[in-house]
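Please examine the sequence and the structure below.

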Amino acid sequence: MRAFVWCLISILIVIKNIKGSSSDDSSSYDSSSYYYYSQKSSIKSLKCNDKRLIDVAHEIDGEIFTRTNTESKLYSRLSSQWNAEFNNLMPSAIIMVESANDISIILLKLIIPCSESIKFSVRSAPLGGHLWSGYSVIDNGIVIDLSRLNNIQFSKNDDYLLELEPGVNQNWANQYTAPYLQIFPTSGDCNQFAFGGFLQGGGLSLFIRSAGLSADYIEKADVVLMNGDIITATKYNRYSDLLYGIKGGGAGNFGIVTKYHLSTFIPSTQVISFEVYWLLSSFENNHEKLKLFLRTWSYLQKGNKYKEFTSWFVLLFDNVLNGYVFRMLAIWNGDVNEGYRFWNDVYLFRCECEHLIITERSNVFTTNAWNAVEIHQATFGGQQPLENNVIDARTVKYEWNDAILTQMVNIMISHINDINELRYIWLLVCYGGNMLSNDPLNKETSFGHRDAVGDITLFIGSGDGDINSAIDRLNEIRSDFFDEYVSPFYYPNHPLSIAPVENIPVAYYDCINKPKLYQTLVQIKNKYDPNNLLNNPVTIDINQRCEQY
């Protein structure tokens with residue numbers, strides 16, 4: 001009976017902004033512009049949220065989409081994420097904003113007045129939301145979607161300053177800058193990444209060793225503060241501390257960025273693109289050879305000596321070859337002749353692995369930077385169905401020693417005989433090993449892990465849908481390898497990781513090794529978001545201190 005009564009009193013929510021209409025003049029509304037809240041989409045304080053959401057709909061230029069039923073294709077598309085594991089999350093409303101002013105109105109008219117009862121999240125784009133843990137979409141809450149803030153242009157006052165809004169994805173940025181040939185913003189590994197969270201998270205790319213973090217290039221940022229004010233943060237005004245926090249201090253901590261002003265990165269006219277494959281089984285009877293293979297990658301991803309070369313490794317099951325393969329994706333951003341000499345005389349010579357390359361699958365060739373990025377991004381594109389997977393990721397601070405390599409090799413070789421029960425993916429990502437430590441840009445970037453060699457991420461999936469076997473295996477690898485040999489602190493906090501949320505200040509912000517940096521970020525958070533409105537398990541908690549760990 002209660003459900004029936006609730007359906008009768010459901011409030012119509014306006015989707016499109018209707019200029020000049022008052023909230024009680026329902027005769028002027030087009031019936032196609034509303035949706036009923038379904039029974040499941042309730043938030044705690046409905047009187048506050050529903051009425052104010054209608055008021056917001058009248059004042060903003062954007063659109064509001066609410067859940068009518070779980071079968072709606074439009075709603076399903078808007079609420080989906082890159083990690084398909086979380087496509088069951090159903091926001092009560094998704095607000096597609098058109099401007100910074102829209103965001104200010106939402107904060108002043110809805111979020112702040114209803115802060116005791118409302119939950120909300122901010123994301124750059126549908127199928128963006130690349131935070132593995134799914135916090136870009138919030139169940140039974142409000143999603144502020146920035147995907148319509150997708151303009152990109154070079155500044156009218158500075159030909160080398162790129163103005164880029166957070167909804168711009170990597171693919172569009174590449175297409176826009178390619179005709180300029182010598183101007184290129186460093187970009188990530190997936191063409192569906194939108195720049196909103198990517199830049200605030202530091203911005204890793206296959207140019208990181210030659211060009212630094214993408215966040216290094218942020219000169220200014222237009223931000224909506226959590227009190228509704230719209231400001232521009234620069235290195236030289238009163239918001240310089242805010243700009244510092246935005247440049248790598250974690251996505252969504254301090255305010256909502258609506259535009260980045262980026263200086264430009266000029267790559268080599270020609271680069272070398274690498275996509276190279278090795279079969280794991282080629283190393284099955286020679287563990288020392290596999291250790292040398294992995295040690296070579298680790299050694300050559302730190303320091304300044306070969307900073308032109310950045311590479312990422314993936315170990316995954318290949319259905320065509322019916323076995324596990326190592327796939328290297330790499331770019332040499334420097335003199336091409338030197339690059340080929342490095343590859344043949346240094347890399348392949350050190351790892352003694354040239355004869356093991358799967359030549360029919362591998363490709364090493366000269367091209368331009370934009371083409372190289374598009375090739376590598378294509379390998380990571382699309383929504384990732386990570387169902388029935390558990391994940392662990394750890395930051396690697398130092399070159400891998402013999403103990404780390406021995407354990408890693410033993411675990412990897414065991415995968416060969418485990419293919420019918422579990423599937424594994426290892427992702428080895430280079431951070432740069434502090435190779436820009438003497439660059440003044442480094443001092444202005446708040447990314448806590450730029451001194452690291454990189455990180456190791458392990459996915460374990462259960463093909464039969466029984467997640468327990470994957471959990472058991474991950475816990476074994478955790479205790480035998482990650483906790484003892486790599487780092488005791490887990491990084492991205494995927495809910496299926498079985499990792500404690502309390503580790504986030506240490507793992508994500510490296511507060512033990514960099515307590516001053518973390519305390520500075522806490523102070524910035526406290527200054528610009530004192531009521532902790534921007535709040536999820538990976539944001540900074542103003543009440544936590546490094547001394548707790």
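Leaving aside residues up to four places away in sequence, Gly 323 touches Leu 316, Phe 317 and Asp 318, where contact means heavy atoms within 4.5 Å. Gly 323 belongs to strand β14 (residues 323-332); strands are DSSP runs of E with at least two residues, and helices are runs of H or I with at least four, numbered from the N terminus. Gly 323 is buried, with a relative accessible area of 13% (buried means under 20%, with a 1.4 Å probe and protein chains only). The model is predicted: local features need pLDDT of at least 70, side-chain atom pairs count only at pLDDT 80 or more, and totals for chains, interfaces and linings use all residues. Residues are numbered from 1 along each chain as its sequence is written, and side-chain values use heavy atoms, leaving out hydrogens and water.

Phe 317 also carries a charge contact: the charged end of Arg 423 sits over the Phe 317 ring, 3.8 Å from its centre (CZ of Arg or NZ of Lys within 6 Å of the ring centre and within 35 degrees of the ring normal). Likewise, Arg 361 lies over the face of Tyr 277, at 4.8 Å from the ring centre.

The whole structure holds 25 aromatic pairs, that is, rings of Phe, Tyr and Trp (its six-membered ring) with centres within 6.5 Å; planes under 30 degrees apart count as stacked, over 60 as edge-to-face and the rest as tilted. Phe 207 and Phe 265 form an edge-to-face pair, 5.4 Å centre to centre with 65° between the planes. Phe 207 is buried at 1% relative accessible area, and Phe 265 is buried at 7%.

Notes. Buried < 20%, exposed > 50% of the residue type's maximum accessible area, 1.4 Å probe, protein only.
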